[in-house]
Amino acid sequence: MKRIAAKCFLFSFFFFLGSVYSNAQKITGIWRGFFITEDGDRYKLEFQIDNSANFSSGVSYSYLDVRFYGKATMTGSFSKTTKNLKIREIKTVEVKSLFGGRTCIMNYNLSYSKSGREEFLEGTYLGKDEVKLGPNPYEWGSCGGGKVFLRKVATSDFYVEPFLKGKIKNVPLLINQ
């Protein structure tokens, strides 16, 4: 009888541990915050990420105010062991800019962390001039770089992308999102 109880305890313990660990680093969802350029300009940033088996896809929204707004598709990978997320924007799908001129796509190198119930992605980015047709001759950094700060949130400043419908449960509802 003691063996059965011990086996049940061990099974329950490892099941609990596994469920806690698997829920601790789910990056699927909505992440909102900002990035700061090398020049000190601060842009708002939102990611909507679908993470399946260490491969991520999604969209990014970056915006200043009425002067600039951009939406891009993105791809990347997440390592649970290092808690590192690498995201590369593929192409812009919407851009509105009073500045005119060039558009940039970004390459992000982010670290995942958790404090209490809040989850964060922080790191750096490098921008690259976007070329719509043909190969891209530009290097990452040709559009500058800077720092990124994001927090997982329950709602979007935009509409929730179809790939996230039904996948963004159990996000803590926090004051002042």
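Reader: Which side chain does the side chain of Glu 46 make a polar contact with?
Author: In this predicted model, the side chain of Glu 46 makes a polar contact with the side chain of Ser 156, at 2.5 Å.

Reader: And where does Glu 46 lie?
Author: Glu 46 is part of strand E2, which covers residues 42-52.

Reader: Is Glu 46 buried or exposed?
Author: Glu 46 counts as buried, because its relative accessibility is 0% and the cut-off for buried is under 20%.

Reader: What else is Glu 46 in contact with, leaving aside neighbours within four places in sequence?
Author: With those neighbours left aside, the residues in contact with Glu 46 include Ile 30, Trp 31 and Arg 32, then Val 59, Ser 60 and Tyr 61, and also Asp 157 and Phe 158.

Reader: Which residue forms a salt bridge with Glu 46?
Author: Arg 32 forms a salt bridge with Glu 46, and the closest N and O atoms are 3.6 Å apart. Arg 32 lies in strand E1 (residues 29-37) and Glu 46 in strand E2, so this pair ties together parts that are 14 residues apart in sequence. Both Arg 32 and Glu 46 are buried.

Reader: Why can such side chains pair at all?
Author: Side chains of opposite charge can pair when their charged atoms come close.

Reader: Which residues are linked with Glu 46 in a network of salt bridges?
Author: Arg 32 and Asp 157 are linked with Glu 46 in such a network.

Reader: How many salt bridges does a search of the whole structure find?
Author: The search finds 8 salt bridges. One of them joins Glu 161 to Lys 71, with the closest N and O atoms 3.0 Å apart. Glu 161 lies in the segment after strand E8 (145-153) and Lys 71 in strand E4 (residues 68-79), so the pair ties together parts that are 90 residues apart in sequence. Glu 161 and Lys 71 are both buried.

Reader: What about Lys 132: buried or exposed?
Author: Lys 132 is exposed, because its relative accessible area is 57% and exposed begins over 50%. Lys 132 forms a salt bridge with Glu 130, the closest N and O atoms being 3.5 Å apart. Glu 130, at 13% relative accessibility, counts as buried.

Reader: Changing topic, in what order do the strands close into a barrel?
Author: The 8 strands close in the order E1-E2-E3-E4-E5-E6-E7-E8, with antiparallel pairing. From one strand to the next, the twist averages 30 degrees.

Reader: How many bridges join E1 to E8?
Author: There are 8 bridges joining E1 to E8, and these strands run antiparallel. Trp 31 stands opposite Lys 152 in E8.

How values were computed. Residues numbered from 1 in each chain as written. Predicted model: local features only at pLDDT ≥ 70, side-chain atom pairs only at ≥ 80, totals over all residues. Heavy atoms only, no water. Helix = DSSP H or I, 4+ residues; strand = E, 2+ residues; numbered from the N terminus. Buried < 20%, exposed > 50% of the residue type's maximum accessible area, 1.4 Å probe, protein only. Polar contact = N/O pair within 3.5 Å; in protein donor to acceptor, adjacent residues only side chain to side chain. Contact = heavy atoms within 4.5 Å. Salt bridge = Lys/Arg side-chain N within 4 Å of Asp/Glu carboxyl O. Pairing = 2+ DSSP bridges. Axes fitted to C-alpha atoms, helices over the stretch in contact; angles between N-to-C directions.
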